Structure formats: structure tokens, C-alpha cells
Amino acid sequence: MRQHELSRRTVLQAGAVAGLTGMMTTNVVLPAQARVADHIPEEVLEWEDQPPGIPFPVSQNVVTPATWEELDSWHTPNSKFFKIKHYNLPALTAEDFALTVDGLVEHPQTISLADLQCRPRREVDFTLECSGNHGLPFFVSGIGNARWAGASLAAILRRTAPKHDGVEVVFWGADEGPVAIRDNSGVSGGPTEPDADGNLDLLITEQFARSMSLAEAMQPDNLLCYEMNGSPLPAEHGYPLRLIAPGWYGVANVKWLTRIELRDGRYAGRFMARDYVTIREENVSGKTIWTFTTVSHTRLKSAPARVVRRGSHHRVEGAAWGGEVNRVEVQINDDPWQRARIRRMRSQGDKEYSWSFWTLDWGTPAAGTHRIRSRAFGDHGVIQPAEDDPYLASRRTYWENNGQVTRTVLIA
Ligand SMILES: Nc1nc2c(c(=O)[nH]1)N[C@H]1C(S)=C(S)[C@@H](COP(=O)(O)O)O[C@H]1N2
Ligand SMILES: [Mo]
């Protein structure tokens with residue numbers, strides 16, 4: 001039994017795991033030999049608190065192939081990148097594909113994939129995280145970092161010349177699915193008799209869509225993206241075209257993008273106004289009020305990734321992302337917080353949108369179970385909140401959980 005446990009814990013062995021330490025001055029992952037100074041093998045310890053598997057039917061639409069213990073490359077390989085879809089998987093072909101830009105614009109356009117690929121190519125390194133990540137016990141790997149390539153969104157928008165009242169940009173995906181619009185009092189053409197559950201639902205087929213203001217859409221790093229880590233976008237990641245909006249949570253990065261529409265006001269579809277809405281209690285002058293906000297920009301966050309043992313020496317490795325990362329601290333059990341060493345990569349893009357990796361030397365810890373957590377510090381006094389932070393606790397939805405992540409490890 002003991003033997004079996006040990007071998008389970010040593011599956012992630014030396015070569016694959018030589019660490020976040022040696023490889024950070026370049027984007028190229030060096031062979032293991034070049035990263036390990038001598039012949040003492042390294043071993044990654046598996047966390048004791050493994051997340052449960054993703055339950056059916058969620059597992060049909062949410063796939064998280066990466067484990068935190070495997071985190072050894074700054075770019076997440078496409079095969080290890082999480083995938084989320086809410087509707088069907090559109091089967092688009094490059095030949096038939098066209099992007100329409102219309103609505104409140106002077107010059108509506110229909111642009112082929114080849115046209116887009118002829119435009120100046122831009123690249124951005126961006127860590128994409130689903131706003132539901134760490135919101136549910138089984139959902140802890142809804143995050144990955146990739147080099148995205150494509151054409152500038154701002155340049156295309158400029159070419160279409162938005163009219164003065166074209167202030168909101170809606171990004172339409174080709175995917176769609178059945179949706180029940182609840183509480184549709186005031187909707188005409190809907191059912192007039194309640195169903196068996198007493199609901200007066202309007203059943204529709206809704207297309208995936210997200211919007212942002214024209215000013216937000218004009219941000220220079222936004223891409224009409226056709227390439228992920230040097231390969232054409234894989235089907236599940238939006239082939240042949242998706243929006244990449246660095247600095248926004250996953251949901252804003254519309255896959256299978258076929259239409260961009262300029263409108264004169266806020267768009268209030270499912271993924272803006274009903275789903276991916278954070279509902280919170282706020283106290284205003286002694287009175288409780290409820291607020292509803294659309295998931296949009298990322299929040300500062302970090303997490304321990306793994307403990308690596310080399311001989312009797314241990315180190316903790318992790319990542320920090322979601323905003324400017326100035327400092328990361330690590331707390332082991334109830335000990336004082338310790339400052340971790342941050343390793344930065346040279347990113348593509350106007351600003352830093354990628355995770356940083358960090359390391360803390362842990363020395364030779366006592367045998368037994370230990371708790372490890374991290375917190376990131378950003379600009380303007382922003383600190384990643386504790387798990388029981390009052391702001392986080394006031395939420396009644398699980399989105400946007402950037403609370404500190406605590407993991408447990410057993411030292412033999
Ligand atoms: N068209 C479309 N775009 C979409 C989605 C979707 O269901 N349909 N899911 C969104 C969500 S919630 C996330 S977290 C990211 C996930 O991107 P990935 O599957 O490439 O990792 O895609 C976003 N873009
Ligand atoms: Mo998401």
C-alpha cells in the first residue's frame with residue numbers, strides 16, 4: 001500500500017518536471033538535462049486535495065485536461081488547454097467562412113479568412129481564465145496561457161467607420177442552443193399557459209454573443225485571432241476565428257466569430273445579462289441592496305501549482321495572473337507570509353497579460369501534512385483577497401472567485 005502510494009506520487013518524474021526555475025529567461029523549454037544542475041532527480045509531489053472529476057453532463061461542455069502539478073511550460077500546449085462551450089460545436093470551414101461587420105457603420109464589410117490573414121499579423125501572449133474557475137469544487141484548471149495571433153480588431157473597426165451612434169460592439173458566435181426565457185411577463189408571442197412547473201417560459205434558440213463598448217473594442221491588443229500557439233485555431237477553440245480580448249475573462253473571448261455588429265446601446269443577451277452575471281448583496285446606509293454585474297475584466301489572482309522535491313530540499317512553485325503582479329507571498333500552515341521569487345517572461349503585446357511563475361524555497365519541511373496558500377499584490381494597493389473575504393462572501397453566484405487558493409501536501 002505504502003509502496004503504491006509512493007509510486008502514485010512519483011509518476012511525475014524528473015525530466016518532465018525540472019521546474020519553473022531554469023526555463024524562464026526564454027520561451028523555449030530546454031531539455032531536462034540543461035535545466036538540472038546535477039544528477040539528483042526531482043520529484044513533483046501530488047497535492048493531497050485532488051479535485052473531484054467533472055460530473056456529467058457538465059463534462060460534455062467543460063474539459064480541463066491540465067493538472068496544476070504538470071505546470072512546467074509558460075505556454076500551455078493546445079492539447080492541455082481547457083475548453084468550454086455552451087451550445088453546439090460549429091463545423092466551419094475556411095473556404096465558406098466570412099466575417100461580417102455591420103450595423104451602425106458607414107462601410108459594412110464581409111471579410112474572408114484569407115483577407116484577414118493578409119492583414120498585418122499581430123501576436124499577444126494572454127492567460128485566458130474562465131470566470132468560473134475555482135468557483136466549483138471540480139473546476140480548478142479552467143486556465144491556460146497561449147500565444148494568440150491574428151489581425152487587429154481596431155484596424156477593421158476603423159475601416160468600417162462606425163456611425164456616431166454605433167457605440168456598442170456585439171461579437172456573434174456561430175453556435176446556438178435552446179434557451180428558456182423565464183419570467184417573460186410582457187413578452188408577446190410567448191406562451192400564455194403556464195407549463196407543468198408553473199413557469200411561463202418563452203423557448204427560443206439563442207446564439208452565443210458578447211458585447212463591449214466601442215472604446216473597449218478599440219483597445220490595441222484585441223485580436224481577430226486565427227492562430228493559437230503557432231497552429232490554426234483548433235475546432236474547439238473557435239476555428240477559424242475568435243475574438244481575443246486580453247485582460248477580459250474567458251467568456252468575452254467569443255469563439256467561432258462570424259459577425260461583429262455595431263449597436264446604439266447595451267446588448268443584454270444571455271451571456272451579458274442572465275448568465276455570467278455576478279449577483280451580490282451590498283449594504284448601502286444600513287439597507288441591503290442586490291447588485292447584478294456582467295463578468296468582464298480579470299481580477300488579480302495566484303495559486304500554488306506544485307511542490308518539487310530534490311533530495312531533501314523542497315520548493316513551492318506557482319503562478320500569478322489577472323492583473324499587474326508586483327509581488328507574491330506564500331503562507332505555509334499558519335507561519336508568517338514569505339515573499340516568493342517571481343520569474344517573468346518577455347511577452348508579446350502592449351501590456352502584460354500573461355501569468356508569471358513564482359518559486360519559494362521551502363527547505364526541509366517536517367514530515368506530515370502542510371497547507372500552502374499564496375496571495376498576489378498588484379498596482380494601486382490591490383491584493384488578492386482571502387478565501388473568506390467579505391466582498392467574496394457577499395456573492396450569491398460563483399463567478400469571479402479570485403480568492404486565495406489553499407492546497408495541502410503530505411511530506412513523507
Ligand atoms: N462562441 C462561443 N464563444 C465562447 C464560448 C462559447 O460557449 N461559445 N465560451 C466562452 C467561455 S465561458 C470561455 S471560458 C472561453 C473558453 O475558451 P477556450 O474553450 O478556448 O478555452 O470561451 C468563451 N467563448
Ligand atoms: Mo467561461
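A polar contact is a pair of N or O atoms within 3.5 Å. By that cut-off, the backbone of Asn 253 is in polar contact with ligand 1, because one of its N or O atoms lies 3.0 Å from a nitrogen atom of the ligand. The model is predicted. Its protein chain has 412 residues, of which 50% are buried, and ligand 1 sits in the largest cavity.

**Overall fold**

- The protein chain contains nine helices and 23 strands.
- Of the contacts between residues at least 6 apart in sequence, 72% link residues at least 24 apart.
- The chain has an accessible surface of about 19,000 Å², and carbon and sulfur atoms account for 53% of that surface.

**Ligand 1 and its surroundings**

- Ligand 1 is surrounded by 19 residues. The closest are Phe 82, Asp 175, His 237, Arg 242 and Lys 255.
- On its own, ligand 1 has 530 Å² of accessible area, and the protein covers 100% of it.

**Ser 394**

- Ser 394 belongs to the loop that runs between helix H9 (390-393) and strand E23 (406-411).
- Ser 394 counts as buried because its relative accessibility is 13%, and the cut-off for buried is under 20%.
- Its side chain makes a polar contact with the side chain of Arg 280, at 2.9 Å.
- The side chain of Ser 394 also reaches the backbone oxygen of Tyr 391, at 2.6 Å.
- With neighbours within four places in sequence left aside, Ser 394 is in contact with Ile 279, Arg 280 and Glu 281. Arg 280 is therefore both a contact of Ser 394 and its partner in a side-chain polar contact.

**Pro 55**

- Pro 55 lies in the loop between strand E1 (42-45) and helix H4 (58-61).
- Its relative accessible area is 36%, so Pro 55 is classed as partly exposed, the class between under 20% (buried) and over 50% (exposed).
- Pro 55 and Phe 138 are separated by 83 residues in sequence, while their C-alpha atoms are 8.0 Å apart in space.

Technical notes:
Residues are numbered from 1 along each chain as its sequence is written. Chains are lettered from A and ligands numbered from 1 in the order in which they are written. This is a predicted model: local features need pLDDT of at least 70, side-chain atom pairs count only at pLDDT 80 or more; totals for chains, interfaces and linings use all residues. Side-chain values use heavy atoms; hydrogens and water are left out. Helices (H or I, at least four residues) and strands (E, at least two) are DSSP runs, numbered from the N terminus. Buried means under 20% relative accessible area, exposed over 50%, partly exposed in between (1.4 Å probe, protein chains only). A polar contact is a pair of N or O atoms within 3.5 Å; within protein, one must be able to donate a hydrogen and the other to accept it, and residues adjacent in sequence count only if both atoms are side-chain atoms. Contact means heavy atoms within 4.5 Å. A residue is near a molecule or strand if one of its heavy atoms lies within 4 Å of it. Accessible areas come from the Shrake-Rupley method with a 1.4 Å probe; for residues, only the protein chains shown count as cover. On a 1 Å grid over the protein atoms alone, a cavity is a set of points where a 1.4 Å probe fits but cannot get out, and a pocket is an open set with protein on both sides within 12 Å along at least five of seven lines; lining residues have an atom within 4 Å of a point. A molecule sits in a cavity or pocket if more than half of its atoms lie within 2 Å of its grid points.
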